[in-house]
Amino acid sequence: LDPDAISYLLGRGGVAKFKLVAFSGSRIDLEGTTCKIWGSERQRELCKLLVNIVLDHRTRNKEEESVRQKINYTMLDDRPDVTHIDIDQNYIGAILGFRGGTLRSLEDQFQTFLFFNKTRDVSCTHGRL
């Protein structure tokens, strides 16, 4: 991974890394340009998926396709541990909150990993959480 991606996964004060570890149950070491993941097979698989989703969201608006993570978001539909919620565009700001604070608070309170998936085909008046 590039150094910016490693920094992004670490997050300010290690918060992003802590959330990945807490949610997946795995252990992560971020050194140089390497992300090492330890844990059971399920923990490692879940952590790798989360890392890729986080990095995909980081690069989503970049024009360079080469820096984008290749995520097959449609496969999330088949996962028993994933729930999709269609959100009216008028409420997305309220769910995010100031600088994403409300979304992070919901993640912490309910021990979940939340993100907006703009790649799904939904009506133009809705987003998918």
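What follows is a working chat about a predicted model of a protein.

Me: How many helices and strands are there in the protein?
Reply: The predicted model has five helices and four strands, and read along the sequence they follow the pattern α-α-β-β-α-β-α-α-β.

Me: And what share of the residues is buried?
Reply: Buried residues make up 29% of the 129 residues in the protein. On contacts, if we take those between residues at least 6 apart in sequence, 51% join residues at least 24 apart.

Me: Which residues of H3 are buried?
Reply: The buried set is Leu46, Cys47, Leu49, Leu50, Val51, Asn52, Ile53, Val54, Leu55, Asp56 and Thr59. These buried residues of H3 pack against helix H1 (3–10), helix H2, strand E1 (27–31) and strand E2 (34–38).

Me: Take Cys47 from that list, what does it touch?
Reply: Not counting residues up to four places away in sequence, Cys47 touches Ser24, Ser26, Ile28 and Ile37. Cys47 is found in helix H3 and counts as buried because its relative accessible area is 0%, where the cut-off for buried is under 20%. Cys47 and Ala22 are 25 residues apart in sequence, and their C-alpha atoms are 9.8 Å apart in space.

Me: What about Lys48, buried or exposed?
Reply: Lys48, which also has its place in helix H3, is exposed, because its relative accessible area is 53% and exposed means over 50%.

Me: How exposed is Lys19, then?
Reply: Lys19 is partly exposed, because its relative accessible area is 21%, and the range for that class lies between the buried cut-off of 20% and the exposed cut-off of 50%. The C-alpha atoms of Lys19 and Phe113 are separated by 8.4 Å, although the two residues are 94 residues apart along the chain.

Me: On to H4 and H5, at what angle do they pack?
Reply: Helix H4 (residues 89–96) and helix H5 (residues 101–110) pack at an angle of about 70°, with their axes 5 Å apart. H4 and H5 are therefore roughly perpendicular to each other, since that class takes in angles from 65 to 115 degrees.

Me: Which residues make the contact?
Reply: From H4 the contact is made by Ala94, Ile95 and Leu96, and from H5 by Gly101, Thr102 and Leu103. By class, the contact of H4 with H5 has four nonpolar residues, two polar residues and no charged residues.

Me: What is the phi of Arg99, in the loop between those two?
Reply: Arg99, whose place is in the loop between H4 and H5, has a phi near 50°, a positive value in a residue other than glycine. Most residues other than glycine have a negative phi.

Me: And is Arg99 buried or exposed?
Reply: Arg99 is exposed, because its relative accessible area is 69%.

How values were computed. Residues numbered from 1 in each chain as written. Predicted model: local features only at pLDDT ≥ 70, side-chain atom pairs only at ≥ 80, totals over all residues. Heavy atoms only, no water. Buried < 20%, exposed > 50% of the residue type's maximum accessible area, 1.4 Å probe, protein only. Axes fitted to C-alpha atoms, helices over the stretch in contact; angles between N-to-C directions. Parallel < 35°, antiparallel > 145°, perpendicular 65-115°, else oblique. Contact = heavy atoms within 4.5 Å. Nonpolar A, V, L, I, M, F, W, Y, C, P; charged D, E, K, R; others polar.
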